Amino acid sequence: MTRSAGRSSGSARAPLRAAALALAAACSLLPAVLGGGLPARAQEEEDIGGIIERYRGLLTLANQKLEDLDLPEALARYTEVIDGYKTGRLPSGTPLTRQIVGQAYDGRARTYANLGRAAEAEADFESLIRYDPAWPIDRAQVSPKIVALYDKVRAKVIARLAIQTEPPGAAVFLNGEPIGRSPVFDRELPAGRYTVKVEAQGFEPLTETLELQGGSRVDKALRLVPNARSIVVFTSPAGARVSVDGQARGTTFGSAGPEHQDLASGAGLALGDLSAPLLVEHLAPGNHLLKIEKECHEPQLLSFGVSIDPNDNSPVRFEPVRLTASLGSIAVESLPPGADVLVDGQPAGKTPLRKDGICTGPHAVVLKHPEAGQWIGSLQVMKGQRAQLKERLRMTLAFAGMTSAGPAGQPAAGETELSEALARLKSMNVVRPGAGLPEAWLARGRQTAQGGLPAEWVQGAAEATGADVVLAASPAEGGFERRAEVLIYAARHPGMPPDRLLVRLDDPAALSQFIARLDRPTPLTRPWLGVRAIEIHRAVNPVAIRVQPDSPAAKAGVKLGESIISLGGRPLASPRDLASAISELPEGAQASLAVQPPRGMPRQVNVALGSSPVMAAMDDPGLLYAVLAAEMSFRARWEAAMSRPASLERTAALLNLAVAFMHAGLNDAALRDALGPLTLPGGAGISSGTISYLRGLCLHRLKRLQEARQHLEAAAGQPDATLWSHDGPPVAERARRLLATL
């Protein structure tokens, strides 16, 4: 063996050992890498890992034999690895395989050189260089003769390729694989035939076939032929959106530089009024439509043509596009007045509001009163015109969504159907999920919901949206039906238990009935005559058994015992007919009333119908008491905001609010928030006696017996005071019965 061969073998121990350690470390990562695959491929990946590990072991053994100068055995093991690669038994395409194969060719070439078989060593070095032109042979550790042999082979095999394009920056592909963007300098490639392809947006792709000779250098300059052209757009003012053929192409910005002074002067503009140039690139030849838009300005539509000039395809500069301001004004009123006006989320003033300089187009408008509700909608403003809006403020319902989350990025089951149904409400604004309730807030509500939403969550949702009612739902079991359990909260009264009801989601009629139920306002007053009648044996018409003092009937002269023949020309055969006839007349209407005394001739009088407050029942299984509390609280505040604190509607609203609280056992709230603000005169019907009785009832339930006695005694002393309506049962007898229990 020559000295050079011995040096090659011995001096290779350090790099071979380092390479083996590096390879072993890389292989140790293989299970973790392979473990990230699909479960169905786990066995296949485990098999691939085992095969690579076996060939890694062969390579390690070959390197060890070369270190030990057991050259025939090293040669055999290197060959086994290379044959595995050539036959496909060693899986290709992984960094580990590339390292194994490269080391096998490198090691076998040096083994051949040590055996004096130069031709075979050259062949392996050539295979190595073609396999990986950038293979890092260790020039510091390998024998100079072997390095020289490697360099000789490399000089014969490697060619250098440089590619420049006009324009530069084109994407360059070699045999279909991307190698970067032009210019490409001194790309080292094994000799052979290559297909070069260059591509750039706005140019025809160019393909050429090159035959590279080993040791040569090829400099290739390629000129691309344009197939598109760019344009330059200026606008005045800046900040305009530019689109071509319906596709957005950017927004003008800034101010033009001094080099565009001639353009500004030619258009009669100051340089500061001209935007910086916006380059719209790569437009195909032919006709195009340019659209320029900016808020508060009229859009501009321009038709233009594009042609290709192979000699000078520089961008075409347009004349500046001047935009004209497009403004109108708004007039906004609300009932009650004094509402804050927000236009597109920005404060604009209070109602009544007149405001000029409003951009044309649609605007989101919110009217929000601190006590009397809000209105949420939109307003269309036309150029030079005043858009008018006059709206009655109303309650707001916030739909919190389903208490159970849906699949990732999707609404929960039933949420869409319920949300679309609630959007049909006419008496309330509706804030739907995602339109005012942040997702993080909704998610927190779902996490804490245990058969309902926490009171602080409901209050927070109400504060965020201005809601009077918060509605949530959860899927409910219903056999083959799709149902939801709906929970409705009175947002301003957190102690009020929610209304609960089942709603069918797969039945449009059931959903419509549910919406109609929410949309139906609770009557606060009704027409009132002030007479109570009964049927008497052998009597053709109902007979008056009670005439309320100071009632419309009393003022018309109706007496006890008289038969009521007709009202408004409608014959009456029963008390039900009388009640029906009264309900069909508007409050305050003038009507003819025919009566028949027990002895005497019939007579006809004119009567002006009055109005009676109407109170809900305290234990109606079909009544939504949380909705009632929210509605009554809102309507009482609305009346006060309209400067009508003593109106009949406000009185009835507070009475019904007291009913809702008392039904829920919230007697303290009934005293404080409903009955406390009420002051009524004494007399017949709903009066101070009614208030005294209700206060006494609340205090009795609260075990505040001394205070209860005081109010019940006051109620017992007002024999004409009634409950439920002016025609309802007297409170005096009820008060006396309750006093007897004290």
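1. The lining of the largest pocket is made up, by class, of 17 nonpolar, four polar and 11 charged residues, where Ala, Val, Leu, Ile, Met, Phe, Trp, Tyr, Cys and Pro count as nonpolar, Asp, Glu, Lys and Arg as charged, and the others, Gly among them, as polar. The model is a predicted one, in which local features need pLDDT of at least 70 and side-chain atom pairs count only at pLDDT 80 or more, while totals for chains, interfaces and linings use all residues. Residues are numbered from 1 along each chain as its sequence is written, and side-chain values use heavy atoms, with hydrogens and water left out.

2. The volume of the largest pocket is about 670 Å³. Of the 32 residues that line this pocket, Arg 520, Pro 521, Thr 522, Glu 631 and Arg 635 are the closest to its centre. A pocket here is an open set of points on a 1 Å grid over the protein atoms alone, with protein on both sides within 12 Å along at least five of seven lines, whereas a cavity is a set of points where a 1.4 Å probe fits but cannot get out; lining residues have an atom within 4 Å of a point. Grid points are joined across faces, edges and corners, and a volume is the space filled by probe spheres set on the points.

3. Which element gives the most to the lining of the largest pocket? It is α16, with seven residues. The elements that give two or more residues to this lining are α13 (508–519), α16 (625–641) and α17 (648–663); helices (H or I, at least four residues) and strands (E, at least two) are DSSP runs, numbered from the N terminus.

4. The second largest pocket has a volume of about 330 Å³. It is lined by 18 residues, of which Pro 167, Phe 203, Leu 224, Pro 226 and Asn 313 are the closest to its centre. At least two residues of the lining come from each of β8 (229–233) and β12 (278–283), and by class the lining of the second largest pocket has eight nonpolar, six polar and four charged residues.

5. Three strands form an open sheet in the order β20-β17-β23, with mixed pairing, two strands being paired if DSSP finds at least two bridges between them. Because β20 (353–359) and β23 (386–392) stand at the edges with a single partner strand each, one side of each is left without a neighbour in the sheet. Strand β17 (residues 327–335) pairs with β20 in the antiparallel sense over five bridges, and Ala 331 has Arg 354 in β20 as its bridge partner.

6. A further open sheet has four strands in the order β19-β18-β21-β22, with antiparallel pairing. Its edge strands, β19 (346–350) and β22 (373–381), each pair on one side only. Nine bridges link strand β21 (residues 361–369) to β22 in the antiparallel sense, and Leu 367 stands opposite Trp 375 in β22.

7. How many disulfides does the structure hold? There is one disulfide, a term used for a pair of cysteine sulfur atoms within 2.5 Å, and it joins Cys 296 to Cys 359 with an S to S distance of 1.3 Å. Cys 296 lies in the loop between β13 (286–293) and β14 (300–306) and Cys 359 in strand β20, so the pair ties together parts that are 63 residues apart in sequence. The torsion about the S-S bond of these two cysteines is about 40°, so the disulfide is right-handed.

8. Cys 296 is partly exposed, with a relative accessible area of 21%, whereas Cys 359 counts as buried at 18% relative accessibility. Cys 698 also counts as buried, at 0% relative accessibility. Buried means under 20% relative accessible area, exposed over 50%, and partly exposed in between (1.4 Å probe, protein chains only).
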